[in-house]
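Good morning, and thank you for coming. Please look at the sequence and the structure on the screen while I speak.

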Amino acid sequence: MTSPHTPVDTPERVALRAAVSSFAKGHAPGGPQEGDGVAELWAEAGKLGYLGVNLPEEYGGGGGGITELSIVLEELGAAGCPLLMLVVSPAICGTVIARFGTAEQKERWLPGLADGSITMAFGITEPDAGSNAHRITTTARRDERGGWILNGRKVFITGVDKADAVLVVGRTEDARTGKLKPCLFIVPRETHGFSHHHIPMELAAAEKQFELVLDDVRLPADALVGDEDAGLLQLFAGLNPERIMTAAFALGMGRYALDKAVDYARTRQVWKEPIGAHQAVAHPLAQAHIELELARLMMAKAAYLYDEGDDAGAGEAANMAKYAAGEAAVKAVDQAVHTLGGNGLTAEYGLARLITAARVARIAPVSREMILNYVSHQTLGLPKSY
């Protein structure tokens, strides 16, 4: 199948999609457990400028937006070599720092995030908070020198072992109301009191998951990103790109699985005609293709709205895109495995590992049920049950 286009694809974006696709196809999709191969792919993509297409040109980026970065991740995934840290390092952390960071923070972090020589993880999820960001208990208080002291725990934080720093979501006390408000802090990985512990997962992925412990972590005053009183705005400036990029990750995975199944159905012959001639095989694959295309259009809309500065509109569309892409990817992977039969579970075809990986797109960074809550409350105006 040819590389897809959307109505917002300019000639430059079409060229970017083609270039990334060609680059990615040059890297044979080995097992996702092969961390060295992923590190090499990351480094090469960084040198070619793909990792920082969304970051400002004055800091070594491409000057584009989340639209361009989502193209990069989707095409990498469609070739069988997705880079999950693209969701985190340039999309969340790079976007937040580019929009709200000080001049010094931008100079310190953005060039490395753009060329891939620096990676940054994102720490928001907590053991007792789940999808409820209002229950985050990681706290930050001022110390006697005007700096910060952080205490708390985070779980399911991706890629901490390879990251140079973590953008941590904590909460500070509002002196006027006494209530806690969200704030973001850059915590270098080697900071005293900051530790990480691997969480074993039954998920084949080069990027590992970690628990973070912050035990009286002392940070300088300039570790705070942006305005202490604009935490929610800054937080959602990172979460909307996260959802859009998760959609891109899912779409790439779905396309990869569907391409494998279509090639197999076109050539596998056990009776008179290839199995793809039978509607029981062909129709589910056609349906999977349609649903992937529909999800891509919503992702393009979400990225367009975000890049245009419509954070409210992007929030709705990003959630819808993530939901649609997660569902479409799970269905495409399932149908691909079913099309190949026993071969769909062999290491040779590389589809079985996607059964679990596709499920992640339904769960993270927010479950489909929470997205349905968002749409029912924010879009439809229905009352909350919580």
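A search of the whole structure, which is a predicted model, finds 21 salt bridges. I shall discuss a few of them, beginning with a pair formed by R296 and E74. Their side chains meet in a salt bridge, with 2.5 Å from N to O. This pair links distant parts of the chain, since R296 belongs to helix α7 and E74 to helix α3, 222 residues apart. Are these two residues buried or exposed? Both R296 and E74 are buried. They also take part in a network of salt bridges, in which D9, R17, E74, E75, R255, E293 and R296 are linked.

Let us turn to E327. Which residues form salt bridges with E327? One is R362, whose side chain meets that of E327 at 2.9 Å, N to O. R362 lies in helix α9, residues 352–363, and E327 in helix α8, residues 311–340, so this pair ties together parts that are 35 residues apart in sequence. Another is R368, where the closest N and O atoms are 3.1 Å from those of E327. Here, too, the pair links distant parts of the chain: R368 is in helix α10, residues 368–379, and E327 is in helix α8, 41 residues apart.

R368, at 28% relative accessibility, counts as partly exposed.

I return now to helix α3, the helix that holds E74. How is helix α3 arranged relative to helix α4? Helix α3 covers residues 66–78 and helix α4 covers residues 85–100. Their axes come within 11 Å and cross at roughly 175°. Angles over 145 degrees count as roughly antiparallel, and α3 and α4 are therefore roughly antiparallel to each other. On the α3 side of the contact are I66, L69, V72, L73 and L76. These residues meet L86, V87, P90, A91 and T95 in α4.

Which residues make a nonpolar surface patch? I290, L294 and L297 make such a patch, of about 290 Å². I290 lies in helix α7, residues 279–307, the helix that also holds R296. With 48% relative accessibility, I290 counts as partly exposed, whereas R296 is buried.

Thank you for your attention.

Note on methods. Residues are numbered from 1 along each chain as its sequence is written. This is a predicted model: local features need pLDDT of at least 70, side-chain atom pairs count only at pLDDT 80 or more; totals for chains, interfaces and linings use all residues. Side-chain values use heavy atoms; hydrogens and water are left out. Patches are made of residues with over 30% relative accessible area and no salt bridge: like charges are joined within 9 Å, nonpolar side chains (Val, Leu, Ile, Met, Phe, Trp, Tyr) within 5 Å. Accessible areas come from the Shrake-Rupley method with a 1.4 Å probe; for residues, only the protein chains shown count as cover. A salt bridge is a side-chain nitrogen of Lys or Arg within 4 Å of a carboxyl oxygen of Asp or Glu. Helices (H or I, at least four residues) and strands (E, at least two) are DSSP runs, numbered from the N terminus. Buried means under 20% relative accessible area, exposed over 50%, partly exposed in between (1.4 Å probe, protein chains only). Axes are lines fitted to C-alpha atoms, for helices over the stretch in contact, and angles run from 0 to 180 degrees between N-to-C directions. Angles under 35 degrees count as roughly parallel, over 145 as roughly antiparallel, 65 to 115 as roughly perpendicular and the rest as oblique. Contact means heavy atoms within 4.5 Å.
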